[in-house]
Amino acid sequence: NSSDLSPSSFFLASIPGLEAAHFWLAILLCSMYVLAVTSNCAVLFVVKTEPSLHAPMYFFLCMLAAIDLALSTSTVPRILSFYWFNTREISFGACLVQMFLIHTLSAIESTVLLAMAVDRYVAICHPLRHAAILTNTATVKIGLVAMARGVLFFLPLPLLLLPLPFCRSRMLSHSFCLHQDVMNLACANTTPSMVYGLTAILLVVGLDAILICLSYVLILKAVLRLALWKERLKVFSTCAAHICVVLAFYVPLIGLSVVHRFGKGLAPLVPVTMGNIYILVPAVLNPIIYGVRTKEIQRRILNLI
């Protein structure tokens with residue numbers, strides 16, 4: 001009945017109706033997490049130890065692997081602790097830190113995917129200038145810009161929530177902390193936080209998605225100028241892995257956003273499931289996609305095995 005200006009904790013959401021199966025669900029999540037960690041570490045190791053892979057495309061792939069490792073590690077161990085040991089409660093400070101990491105790392109990954117789309121555009125549409133434009137130094141600078149962009153845009157999110165009073169139920173909709181989820185539990189005017197969060201998402205992830213689509217429109221136009229269908233398929237197939245990775249990132253992200261903004265009447269099972277897909281599926285799929293599509297990585301990993 002009274003507001004708490006400094007909330008001590010929130011409570012993570014379980015999968016409704018499956019509380020008795022938490023142990024087995026945790027084994028499934030743990031298996032996916034181990035697969036994500038192992039495969040992404042393998043990609044990092046292969047690119048580091050293979051001089052022939054020291055090129056911008058593979059450096060971007062290493063950035064993706066590092067982001068996926070950080071994103072899954074910032075959430076999955078806490079989820080497993082909840083499922084195995086029933087530690088449902090998460091402190092307010094830990095929740096804000098986790099929220100900041102999730103949104104910032106997602107923004108960085110979106111920027112890296114845009115950089116990879118530009119890399120494919122330059123390689124296909126301006127092949128003679130590719131080596132001069134996307135040098136190793138330029139790739140490092142792009143990575144630093146991606147990190148700065150993510151931090152600067154999403155650092156205000158926890159700072160805007162910090163002074164808000166929380167007097168409603170502190171039960172979250174997911175097994176981890178997201179800005180929209182935490183913001184909905186506040187009992188004060190959240191308009192500034194909501195407007196800034198939506199603006200940041202549109203200016204980072206939304207803008208990146210538009211520019212990625214524009215890159216592929218230009219790539220498609222260049223491919224269609226080729227005379228033979230075999231040449232068209234061969235050139236466009238170099239983009240297949242990146243297209244799959246983009247879909248693996250944006251489809252769960254868009255689905256989670258739709259659930260938050262328009263899924264008020266949905267069963268509680270939906271947001272929890274969508275949240276777990278958003279955290280784990282890209283981290284598992286990205287190294288597998290590039291491992292299957294890139295012969296150099298595939299051969300090197302098979303040699304390691």
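Is His22 buried or exposed? With a relative accessible area of 8%, His22 is buried, a term that stands for under 20% relative accessible area, with exposed meaning over 50% and partly exposed the range in between (1.4 Å probe, protein chains only). The legends below describe a predicted model, in which local features need pLDDT of at least 70, side-chain atom pairs count only at pLDDT 80 or more, and totals for chains, interfaces and linings use all residues. Residues are numbered from 1 along each chain as its sequence is written, and side-chain values use heavy atoms, with hydrogens and water left out.

View 1. His22 is found in helix H1, residues 22-49. Helices (H or I, at least four residues) and strands (E, at least two) are DSSP runs, numbered from the N terminus. Leaving aside neighbours within four places in sequence, His22 is in contact with Ser14, Ile15, Phe82 and Tyr83, where contact means heavy atoms within 4.5 Å. The C-alpha atoms of His22 and Trp84 are separated by 6.8 Å, while the two residues are 62 residues apart along the chain.

**View 2. The disulfide of Cys95 and Cys177.** A disulfide is a pair of cysteine sulfur atoms within 2.5 Å, and by this rule the count comes to one. The sulfur atoms of Cys95 and Cys177 are 2.0 Å apart. The torsion about their S-S bond is about -120°, so the disulfide is left-handed. Cys95 lies in helix H4 (residues 92-125) and Cys177 in the loop between helix H7 (156-161) and helix H8 (179-183), so the pair ties together parts that are 82 residues apart in sequence. Both Cys95 and Cys177 are buried.

**View 3. Gln98, a contact of Cys177.** Gln98 has its place in helix H4. Its relative accessibility is 5%, so Gln98 counts as buried. Apart from neighbours within four places in sequence, Gln98 is in contact with Ser74, Thr75, Arg78, Ile90, Phe176 and Cys177.

View 4. Cys30 counts as partly exposed, at 23% relative accessibility. Cys125 is in no disulfide, and the nearest cysteine sulfur, that of Cys239, is 8.9 Å away. At 22% relative accessibility, Cys125 also counts as partly exposed.

**View 5. Arg120 in helix H4.** Arg120 lies in helix H4. With 12% relative accessibility, Arg120 counts as buried. Not counting residues up to four places away in sequence, Arg120 touches Met57, Tyr216, Ile219, Thr238 and Cys239.

**View 6. Helices H6 and H9.** Two packed helices are described by the angle between their axes and the distance between the axes. Axes are lines fitted to C-alpha atoms, for helices over the stretch in contact, and angles run from 0 to 180 degrees between N-to-C directions. Helix H6 (residues 136-154) packs with helix H9 (residues 191-224) at an angle of about 160°, and their axes are 10 Å apart. That makes H6 roughly antiparallel to H9; angles under 35 degrees count as roughly parallel, over 145 as roughly antiparallel, 65 to 115 as roughly perpendicular and the rest as oblique. On the H6 side the contact is made by Arg149, Leu152, Phe153 and Phe154, and on the H9 side by Tyr196, Ala200, Ile201, Leu203, Val204, Leu207 and Asp208. The contact has nine nonpolar, no polar and two charged residues. Ala, Val, Leu, Ile, Met, Phe, Trp, Tyr, Cys and Pro count as nonpolar, Asp, Glu, Lys and Arg as charged, and the others, Gly among them, as polar.

**View 7. Helices H12 and H13.** Helix H12 (residues 269-293) and helix H13 (residues 295-304) have axes 5 Å apart, at an angle of about 100°. H12 and H13 are therefore roughly perpendicular to each other. Tyr290, Gly291, Val292 and Arg293 in H12 meet Lys295, Ile297 and Gln298 in H13. The residues of this contact divide into three nonpolar, two polar and two charged.

**View 8. Asn86 in a loop.** Asn86 is found in the loop between helix H3 (76-85) and strand S2 (89-91). Most residues other than glycine have a negative phi. Asn86 is not a glycine, yet its phi is positive, about 60°. At 56% relative accessibility, Asn86 counts as exposed.
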